[in-house]
Amino acid sequence: MESNVLPDSIRPQRLQPGIGFGSGPTGTLRSSLRPGVTVPIAPLLPSPASLSASSGPPPPPPPLQLHSLYGGVGAGLGPGAAGHPGNPAVLKEAVEAVVRSFAKHTQGYGRVNVVEALQEFWQMKLTRGADLRNGALVVYEMVPSNSPPYVCYVSLPGGSCFGSFQFCPTKAEARRSAAKIALMNSVFNEHPSRRITDDFIEKSVNEALASFNGNREEADNPNTGIGAFRFMLESNKGKSMLEFQELMTVFQLLHWNGSLKAMRERQCSRQEVLAHYSHRALDDDMRTQMAADWVNREQSVASTIAQELASTERELEDARLAGRELRFYKEKKDILMLAVGQLSAANTATLPSH
């Protein structure tokens, strides 16, 4: 059944992450997903595991990381430094160098207050016409702890997230550490080489074709993995890498949650899904729907959420210490914690009254 013959009232529902029709008009996405299984068939965007043609479903691919395509874009560095958690000294040196350079060109020589500098940087972007729908406010979040090391996350106006990447003996130092890595990425993101251009798109698509033995016909067909990749890049021409990463986070989460597979089973084309979610921001409704899916899995297979949460926390920790962009991991954790809350509320509601 093609999308163009579906009633208008049904088409939007097919594209909801937590709503579906299963095998009939009254089924749900939750009934069509096996508990705990998050491997979609033919993910929308290419990754080393998802682009290769195989006779069966691919193994679970790693999160779609831009640095695998662009060479360290996730942290604004070249290969090996930020993307390598075993090299913290190189990362620290690079971050300090960028902060010093920024201070020299904006405030003169001397110690720079990175927390203030980061806020001023985004305020400057806003006054110069940047499209910041929610304003220029930089938001910090401390991980609750009564003793060091302290951990702090910082969310930039567009949604990108970074975290303290050093051992921080105080909460103030954790805040400064998070601000440093965020400032470095913000500054690097302004470089012309971080923009998606026609040349960049062509080079990236050709590299994908060469890596996975594809042909030009695939690149021109949005229903193939490489074609979907080109479609995404073309749709975001002129945007920066961080802006593209923010958009990618939505698809990463849909992929992780199993929603892309469910949409495919409902005959949603790749192009239809891409077009829909390319213009939809990650919001509380989407998070709530995904959390409900995990509640359903937990009710079918005990400890599903605990296992996924433990795995996500390890990923978040590794990425934070490596200086990488963290929103995908952070959103995963937040969705799972929301699921824990939903499960607790459901269990409380079903307790017998005395």
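User: The expected span of a helix is 1.5 Å times one less than its number of residues. What does helix α5 reach from its first C-alpha to its last?

Analyst: Please note at the outset that this is a predicted model. Helix α5 covers residues 114–127, 14 residues in total. From its first C-alpha to its last, α5 reaches 20 Å, close to the 20 Å expected at 1.5 Å a residue.

User: What caps the N-terminal end of α5, and which residue follows the helix?

Analyst: N113 caps the N-terminal end, with a side-chain oxygen 3.2 Å from the backbone nitrogen of V115. After α5 comes G129, which has a positive phi near 100°.

User: Which residues of α5 are buried?

Analyst: A residue is called buried when its relative accessible area is under 20%. In α5 the buried residues are V114, V115, A117, L118, F121, W122 and K125.

User: How many helices and strands does the protein chain have, and what part of its residues is buried?

Analyst: The secondary structure comes to 15 helices and three strands. Of the 354 residues in the protein chain, 48% are buried. Among contacts between residues at least 6 apart in sequence, 63% join residues at least 24 apart.

User: Why does T288 count as partly exposed?

Analyst: The class lies between the two limits, buried being under 20% and exposed over 50%. T288 counts as partly exposed because its relative accessibility is 38%.

User: The next topic is charge. What is the general idea of a salt bridge, and how many salt bridges are counted here?

Analyst: Side chains of opposite charge can pair when their charged atoms come close. In this structure the count comes to 17 salt bridges. One of them joins R287 and E331, whose closest N and O atoms are 2.8 Å apart. This pair links distant parts of the chain, since R287 lies in helix α13 and E331 in helix α15 (residues 327–349), 44 residues apart.

User: Are R287 and E331 buried or exposed?

Analyst: R287 is buried, with a relative accessible area of 19%. E331 is also buried, with a relative accessible area of 7%.

User: What other parts of the chain are tied together by a salt bridge of K333?

Analyst: K333 forms a salt bridge with E313, and their closest N and O atoms are 3.8 Å apart. K333 lies in helix α15 and E313 in helix α14 (residues 304–321), so the pair ties together parts that are 20 residues apart in sequence. K333 is partly exposed, with a relative accessible area of 23%. E313 is partly exposed at 37%.

User: Which residues are linked in a network of salt bridges?

Analyst: The network links D198, E202, R216, R230, E234 and K237.

User: Finally, what is the volume of the largest pocket, and which residues lie nearest its centre?

Analyst: The volume of the largest pocket is about 1,200 Å³. Its lining has 45 residues, and those nearest the centre are P157, G158, G159, E246 and R327. Several elements each supply at least two lining residues, among them α5, α9 and α15. The largest share, five residues, comes from α10.

User: E246 lies nearest the centre along with others. Which side chain makes a polar contact with the side chain of E246?

Analyst: The side chain of S160 does, at 2.8 Å. S160 lies in the loop between β2 and β3. With 0% relative accessibility, S160 counts as buried. Residues up to four places away in sequence aside, S160 touches V154, S155, L242, E246 and E325.

How values were computed. Residues are numbered from 1 along each chain as its sequence is written. This is a predicted model: local features need pLDDT of at least 70, side-chain atom pairs count only at pLDDT 80 or more; totals for chains, interfaces and linings use all residues. Side-chain values use heavy atoms; hydrogens and water are left out. Buried means under 20% relative accessible area, exposed over 50%, partly exposed in between (1.4 Å probe, protein chains only). Helices (H or I, at least four residues) and strands (E, at least two) are DSSP runs, numbered from the N terminus. A polar contact is a pair of N or O atoms within 3.5 Å; within protein, one must be able to donate a hydrogen and the other to accept it, and residues adjacent in sequence count only if both atoms are side-chain atoms. A salt bridge is a side-chain nitrogen of Lys or Arg within 4 Å of a carboxyl oxygen of Asp or Glu. On a 1 Å grid over the protein atoms alone, a cavity is a set of points where a 1.4 Å probe fits but cannot get out, and a pocket is an open set with protein on both sides within 12 Å along at least five of seven lines; lining residues have an atom within 4 Å of a point. Grid points are joined across faces, edges and corners, and a volume is the space filled by probe spheres set on the points. Contact means heavy atoms within 4.5 Å.
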